[in-house]
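Please look through the sequence and the model before reading the points.

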Amino acid sequence: MTNSDQPSPTSAGTSTAKSAADAGPRTPSLLVSWLVIGVMVALILVAVVLFGGEMANGALQVSMTLATLFALGVAYYYGYRGSVISNAIQSGVNGSIGTVFVVIAIGTVIGTLYLAGSVAAFIYYGAAIISPQFFFVTVFIIASALTIVLGSALTTVGAVGIAFVALASIADVSQPITAAAAVSGAILGNKVARISDTANLAVSTVGGDLTIVEHSRTVTRTAIPTAIITAVLYLLLGLLGDSSAGSIDVDQVQSTISQSFNVSLWAFVPVLSIFALSMLRFSAFLSLTVSAIVAIVVAGFTQSDLIVSLADDPSLSYFGAVAKVGIDTFANGFALNSGVEQLDSLFSGGGVSSMLTTVWLILVAAAFGSVVASTGMLHRIIAPVVAKCKGPTSLVLTTMLSSIGLNLATADPYTSIVLTGDSYRGEYKRQRIKPELLSASMADSGTSISYIIPWNLHGALFAGTLGIAATEWGPWTFFAYLTPVVSFVMVRFYFLRRSRLSTAGDAEKAYAGGPAVTTASQQLA
């Protein structure tokens, strides 16, 4: 054989690379999969260390963008090219479009509720009614009740969360704890409501003969003791807090507010509109956006002096001033210019522009989650964990930990529900455990924790809505991290004895038909 017959090193390398490409994409190894997740966590920690509570203003988004680029580089190395990875990202982003529209709607309604005097009226009347000592527990109870009725945590926090936080400033109580109490109540309501989007998605993912009634009954049993503990903690925080917070000069507060706003019960019409449309089962986007328009109309009739002042254009007719101020509030939010610094800082915020960083975070988080899911990285990490589950107790525990981990990794509670349900469904069936225990395990772990993860869709939404970083109110959101603890204890000592199916045939019947999953965008928009 002559030298000319021997393949050159260059041609051999090219041939090998071509063969690898022709072989199609490969699933990254377990080590590499963990490396991708580790890089994401490291980049997020950098943002936390450097920017603290301000990280959600851009630093967190940059970290997630860089993590997505790294994940894409790994995917490319393992043979994922062109349309394969593009379609995966497109699918993930499409699933978030409904959420993006809800974020936009929240921005519009926050600004217009300020303009209509709704927040001012809430503080005006609330300062005379709500005691600072019972403030936190009152917020928790009201938010819980509203979310149970509406079935939407986002709608509740968007409608009354900002008003509670503003009132906290006047009452001289902690705004982060107030925000946490509102979020805790929203989590509780969203968990037990039969019309909750996450609850219905969990039921659809598990499939079989599981119904929303069975799921709701199971999670309610774990929610009751958790809610009692949470309420007691908020009550103690109020009673044992700074005693000086108990003295509010109600007359001064009401007099100061009256100088800038025309306070009346008409100001509550936009808030009632949100609740009414939600109860009529309009989507969150429509309920919030229509109510924002209602708020502008109410402002036109009740806040004439304020609108003329904000328009600052004598050449405009009053109708023109209302239109100008309304459009500007929709886009850029509300900013009071009374000359009183505390009042101006209290009554400002909202607008679509204020939510653009949240939209950025949602999109890059969805892209990252799509890459690590579609390339099999998450399955590579979860599969060994599922295989090591030797009994019902360890199975439930690993389900909860996996659900929490997937919310950390994918930054999307809806993707987490689908992936956890798909990964563990077969093992629950094999161990003859009732379907409602799987859906409840997901609801009581990852879904609850998702609300306090700063880069998660839920955490980002609430931080953007409340105007306070998730790192500030997260530690006080007792219901979020008490839920998985209480749930696991109840599963270990109560549910497992009542949640085993008698035979393999019963398990086959219970899980027959498979999952029937709807997309995240259908759930939200």
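**Cavity and helix contacts**

Helix H9 (175–192), helix H10 (197–206) and helix H22 (435–449) each supply at least two residues of the lining of the largest cavity; helices (H or I, at least four residues) are DSSP runs numbered from the N terminus. The model is predicted, so local features need pLDDT of at least 70 and side-chain atom pairs count only at pLDDT 80 or more, while totals for chains, interfaces and linings use all residues. Residues are numbered from 1 along each chain as its sequence is written, and side-chain values use heavy atoms, with hydrogens and water left out.

**Cavity**

- The count comes to one cavity of 30 Å³ or more, where a cavity is a set of points, on a 1 Å grid over the protein atoms alone, at which a 1.4 Å probe fits but cannot get out.
- The volume of the largest cavity is about 100 Å³, taken as the space filled by probe spheres set on the points, which are joined across faces, edges and corners.
- There are 14 lining residues, and the closest to the centre are Asn-190, Lys-191, Thr-198, Ala-443 and Thr-447; lining residues have an atom within 4 Å of a point.
- H22 gives the most to this lining, with four residues.
- The lining has seven nonpolar, six polar and one charged residues; Ala, Val, Leu, Ile, Met, Phe, Trp, Tyr, Cys and Pro count as nonpolar, Asp, Glu, Lys and Arg as charged, and the others, Gly among them, as polar.

**H13 with H14**

- The axes of H13 (residues 269–279) and H14 (residues 284–302) come within 8 Å and cross at roughly 155°; axes are lines fitted to C-alpha atoms over the stretch in contact, and angles run from 0 to 180 degrees between N-to-C directions.
- H13 and H14 are therefore roughly antiparallel (angles over 145 degrees).
- Their crossing is right-handed, meaning that the near helix is turned clockwise from the far one by less than a right angle.
- Val-269, Pro-270, Ser-273, Ile-274, Leu-277 and Ser-278 of H13 meet residues of H14 including Leu-286, Val-290 and Val-294, with contact meaning heavy atoms within 4.5 Å.

**H19 with H20**

- H19 (residues 377–387) and H20 (residues 392–410) have axes that come within 11 Å and cross at roughly 165°, which makes H19 roughly antiparallel to H20.
- H19 passes H20 in a right-handed crossing.
- Leu-378, Ile-382 and Val-385 of H19 make the contact with Thr-398, Ser-402, Leu-406, Ala-409 and Thr-410 of H20.
- Five of these residues are nonpolar, three polar and none charged.

**H8 with H23**

- H8 (residues 153–171) and H23 (residues 457–466) pack at an angle of about 35°, with axes 9 Å apart.
- The crossing of H8 and H23 is right-handed.
- On the H8 side the contact includes Gly-158 and Gly-161, and on the H23 side Leu-461, Phe-462, Thr-465 and Leu-466.
- By class, the contact of H8 with H23 has eight nonpolar, three polar and no charged residues.

How values were computed. Angles under 35 degrees count as roughly parallel, over 145 as roughly antiparallel, 65 to 115 as roughly perpendicular and the rest as oblique. On a 1 Å grid over the protein atoms alone, a cavity is a set of points where a 1.4 Å probe fits but cannot get out, and a pocket is an open set with protein on both sides within 12 Å along at least five of seven lines; lining residues have an atom within 4 Å of a point.
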